[in-house]
Amino acid sequence: LALAYGGDILTSGAVAVSVNLKIAPIVVGLTVVSVATSMPEMATSLLAAKYNPGISLGNILGSNLANITLIIGISAVILPLKVERRLISQEVTILIGMTAIFFLLAMGGGFSRAEGLILLSLTIVYLIHVVRGAKRKDTVEQFIEVDVEIAKKTTKAAVFFILFGGTLLALGAEVLVGASVEMAIRMGASELFVGLTIVAIGTSLPELAASVAAVRAGHGDLCAGNIVGSSIFNMILIGGGVSAYVGMEVTDKLLLIEFPALLLLSCMLLWFFKTGHVVSRREGICLLFLYAGILSLSALSQFGYLF
């Protein structure tokens, strides 16, 4: 209930802010919504970093895999996603670049505190890029039709909706993840696999709730911007924060399946976005099958059946 209502409340507040401040919804999705819905990943990863490091890295990788395949897939099946040109030309390209950097840093056997600071500095650079982009004429002129009630919200009320919705999302995910992790530990699963699957899906539910709410309200651009922005923040903000805090170790198995899969999916997302500027239902179904396939390979790898 908290996840479902939190997604609706946060999305309506974000759209109202974009209208009141004359900011394109795509920018709101890339900043406010993305950061708010990424807070469960941040809280979970930092909490687990010291004593359960496998959960932290697994959560980051698993959340991004779920974002690109599961969430965009489900959203596109509900309603084909229309994608703005800015998202194709800039943000998805940045996502591919950040994923490549994240992959390269991981090849050294893990993320040191210095590398964590590098990722955090990239967060600042990315935020500056988004804010500057919001001020450009070609971006500000791109608006969406909004409900009358949403448009009537004052900026203060809209900000309250964003904060309240984000709080509900965080609380809902925290309860769900806590129960899921306890269940997995009792079943004897590894921390890394728990992070890649149960924790990642649990902490990605806010993105799913916000995305489905945006699609149902007819704001597909907000949904796409939220997913791309959240995936970028997961790597540079959350990955950087955890690495700067205690560092993160990377096993060889992750470099064979999960990291390459994430980079390949990011490139595939750019291809899907370019085909008519729409993610069709057929492409959404394809993404869902890819997610199932990657999780299956990951399970076989983590339990020693592949390598």
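How many cavities of 30 Å³ or more does a search of the whole structure find?

Guide: The search of the whole structure finds 1 cavity of 30 Å³ or more. The model is predicted: local features need pLDDT of at least 70, side-chain atom pairs count only at pLDDT 80 or more, and totals for chains, interfaces and linings use all residues. Residues are numbered from 1 along each chain as its sequence is written, and side-chain values use heavy atoms, without hydrogens and water.

A cavity here is a set of points, on a 1 Å grid over the protein atoms alone, where a 1.4 Å probe fits but cannot get out; lining residues have an atom within 4 Å of a point. The volume of the largest cavity is about 30 Å³, a volume being the space filled by probe spheres set on points joined across faces, edges and corners. Its lining consists of Gly62, Leu65, Leu196, Glu258, Ile294, Leu295 and Ser298. Helix H13 (281–302) gives the largest share of this lining, 3 residues. Both H3 (53–78) and H13 supply at least two lining residues each. Helices (H or I, at least four residues) and strands (E, at least two) are DSSP runs numbered from the N terminus; the chain has 13 helices and 4 strands.

Of the 307 residues, 55% are buried, that is, under 20% relative accessible area, with exposed over 50% and partly exposed in between (1.4 Å probe, protein chains only). Ile238, in helix H10 (residues 220–245), counts as buried because its relative accessibility is 1%. Its contacts, not counting residues up to four places away in sequence, are Ser38, Glu41, Met42, Ser45, Ile60 and Phe233, a contact being heavy atoms within 4.5 Å. The C-alpha atoms of Ile238 and Ser38 lie 8.4 Å apart, although 200 residues separate the two along the chain. Among contacts in the chain with a separation of 6 or more, 87% join residues 24 or more positions apart.

The segment after H13 contains Leu306, which is partly exposed because its relative accessible area is 38%. Leu306 belongs to a nonpolar surface patch with Leu297, Leu300, Phe303 and Tyr305, whose accessible area together is about 510 Å². Patch residues have over 30% relative accessible area and no salt bridge, and nonpolar side chains (Val, Leu, Ile, Met, Phe, Trp, Tyr) are joined within 5 Å; a salt bridge is a side-chain nitrogen of Lys or Arg within 4 Å of a carboxyl oxygen of Asp or Glu.

Definitions and conventions:
Patch = residues over 30% accessible without salt bridge, like charges linked within 9 Å, V, L, I, M, F, W, Y side chains within 5 Å. Areas by Shrake-Rupley, 256 points an atom, 1.4 Å probe, with all protein chains shown as cover. 1 Å grid on protein atoms, 1.4 Å probe; cavity = no way out; pocket = protein on both sides within 12 Å on 5 of 7 lines; lining within 4 Å.
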